[in-house]
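Here's a quick briefing to read alongside the structure. Keep the 3D view open and look up each residue as it comes along.

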Amino acid sequence: MYDVIIIGAGIIGTSIARELSRYNTKILILEKGIDVSMGATKANSAIVHGGYAESNSTLRGRLCYKGRKQFKRLNEELNFGFEETGSLVISTEDDKEQLEKLMENGIKNGLDDLSIVGSEEIREIEPELIHDAKWALYCKGAGICSPYEMAIAMAENAIKNGVKLELENEVIDIEKIEDRFKVTTDKGEYYGKYVVNAAGLYSDKISKMVGVDNFEILPRSGEYILFTRGTGDPINTVIFQLPTKLGKGVLVTSTYYGNLLIGPDANDETEREDTSTHVERIAKIYQQAKSLYDKINPKQFIRSFTGIRARSSTNDFIIEETKVKGFINVAGIQSPGLTSSPAIAEMVIGILQDAGLKLEENPNFDPYRKPIITKKPLKPFNEIKDKIELPLGSEGRIVCRCEQVLEEEIVDALHRGIKVKTIDGVKRRTRATMGWCQGDFCKPRVIEVMEREYGEKIDPSYDIEHSGVNRVQKSELLDYLNSLEEE
């Protein structure tokens, strides 16, 4: 019997589990995927938002800044990669009214680090931007992070502090039996006093299993373009266009590791599992981003990807104990869900306490999780060539030449309480296969290490199936852009 069963191991489920692990409670996370952070957590903008964009009348507005303020401390404890870069919302119009409204809303949400800056200050902050930017809303405390590493870090630390994680367990039924729940998966049955539904895109389906049918998840897809490492270095902040009803507009940013990232667009005509990308949408994103930053080189494109946002029919976060006592919905966690996640976890703890869960602090709670990798500059190829050619098992051997990932870093990632069954899982923990060649060189080398460490064959079919999901390739994008120029 568990005290709390959490359904879903994205950033929300893992954050709640890690927060609960501070107490002497018996916690189980159930996740249908082969790993943690397999949904929206691994395919988003990786932005730690300021907290000015969402209305103070919404949970999204009230929780964003509360979450943002915790990232520095959490990164010091968990080492997932966070940098406070600041953000700019750019206007090319003389009128500042929209920016002033955003600033006013941010102040209502508690922000104290907002200012409206003119063209000269914009050039000082972002000298590489276009020169017809007239005004911008500057938020000093916004930033960037590595979201999938954050969820992995949360999960690892939660497990270290006693939480149980069951992967590849898809919930198919939930039954309330007196003062407990029977949660049935395709692998077995689990019993818990409380259930937290953090199932992302499928949270409405999970909620309906207990007869709570007061919202729907309406998937919204957003496509992105990622460029090779180093292309993001000229960008100092997160750069937004003025927001619309569909979102915050196409952004231009550097990832935590220095890749230029542009996107997303927004499309409500999508399926929950459709992560394909489309050359017309990708090209439009490219053109929109070029209107802000005209030094984007499409030949440095390495990957397109799509994230599916779990937008709810209420258009707000749903965080509440339902009419079924002990069943808590944490649903509709679209943007800024990543930024809000620490505050969401705290809110859920409060709801559980109000629902009757007794929480006694765990004196052995250890908040620290050491990093697997740290951000480091890449060395010239001639300096690492000998380390690449070292045989398996050699000290200092480099497995991934593009990202210069060491064999010992991969070995570390494989032995942290979560069995890593895929190359994709190694990629999100170490950056192996994330470079220019996208794994053409190092995938077999990664498998070689995995098979030695686990003493079993690694089936690459999962990675093959998911790596080729109708993604726009560089040659396709270049041809399409050339055709547009010819027209």
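**Cavities, pockets, cores and strands**

The largest cavity has a volume of about 80 Å³. Keep in mind that this is a predicted model. In total, there are 4 cavities of 30 Å³ or more.

**Cavities**

- Next comes the second largest cavity, with a volume of about 60 Å³.
- Its lining is made of Ser15, Arg18, Glu19, Gln70, Arg73, Leu74, Met154, Pro342 and Ala345.
- Which elements give two or more residues to this lining? They are α1 (11-20), α3 (71-78) and α9.
- The largest share, 3 residues, comes from α1.
- By class, the lining of the second largest cavity splits into 4 nonpolar, 2 polar and 3 charged residues.

- The lining of the second largest pocket has 6 nonpolar, 9 polar and 5 charged residues.

**Nonpolar cores**

- In soluble globular proteins, nonpolar side chains tend to be buried together.
- Here, the largest nonpolar core has 51 residues, and Leu20, Ile319 and Val330 have the most contacts inside it.
- Helix α9 (residues 337-354) gives this core its largest share, 8 residues.
- There's also a second, separate core of 28 residues, and its members include Leu88, Ile239, Ile282 and Phe301.
- Back to Val330: leaving aside its neighbours within four places in sequence, Val330 touches several residues, among them Ile12, Ile16, Val196, Ile344 and Val348.

- Strand β13 (residues 220-229) runs antiparallel to β16, and 3 bridges join the two.
- Ile225 is the residue opposite Ile262 in β16.
- β15 is antiparallel to β16 too, joined to it by 4 bridges, and Leu251 has Gly263 in β16 as its bridge partner.
- The hairpin of β15 and β16 has 4 residues between the strands, and Gly258 there takes a positive phi near 95°.

**Thr255, in the loop**

- You'll find Thr255 in the loop between β15 (251-254) and β16 (259-263).
- Is Thr255 buried or exposed? Its relative accessibility is 18%, and buried means under 20%, so Thr255 counts as buried.
- Beyond its neighbours within four places in sequence, Thr255 is in contact with Ile144, Leu226 and Leu261.
- Thr255 and Ser146 are 109 residues apart in sequence, with 7.7 Å from C-alpha to C-alpha in space.

**A three-strand sheet**

- An open sheet is formed by 3 strands in the order β3-β8-β4, with antiparallel pairing.
- β3 (47-48) and β4 (82-84) are at the edges, each with a single partner strand, so one side of each has no neighbour in the sheet.
- β3 and strand β8 (residues 143-145) are joined by 2 bridges, and Val48 has Gly143 as its bridge partner in β8.

Note on methods: Residues are numbered from 1 along each chain as its sequence is written. This is a predicted model: local features need pLDDT of at least 70, side-chain atom pairs count only at pLDDT 80 or more; totals for chains, interfaces and linings use all residues. Side-chain values use heavy atoms; hydrogens and water are left out. Two strands pair if DSSP finds at least two bridges between them. Ala, Val, Leu, Ile, Met, Phe, Trp, Tyr, Cys and Pro count as nonpolar, Asp, Glu, Lys and Arg as charged, and the others, Gly among them, as polar. A nonpolar core is a set of buried Ala, Val, Leu, Ile, Met, Phe, Trp, Tyr and Cys residues joined through side-chain atoms within 4.5 Å. Buried means under 20% relative accessible area, exposed over 50%, partly exposed in between (1.4 Å probe, protein chains only). Contact means heavy atoms within 4.5 Å. On a 1 Å grid over the protein atoms alone, a cavity is a set of points where a 1.4 Å probe fits but cannot get out, and a pocket is an open set with protein on both sides within 12 Å along at least five of seven lines; lining residues have an atom within 4 Å of a point. Grid points are joined across faces, edges and corners, and a volume is the space filled by probe spheres set on the points.
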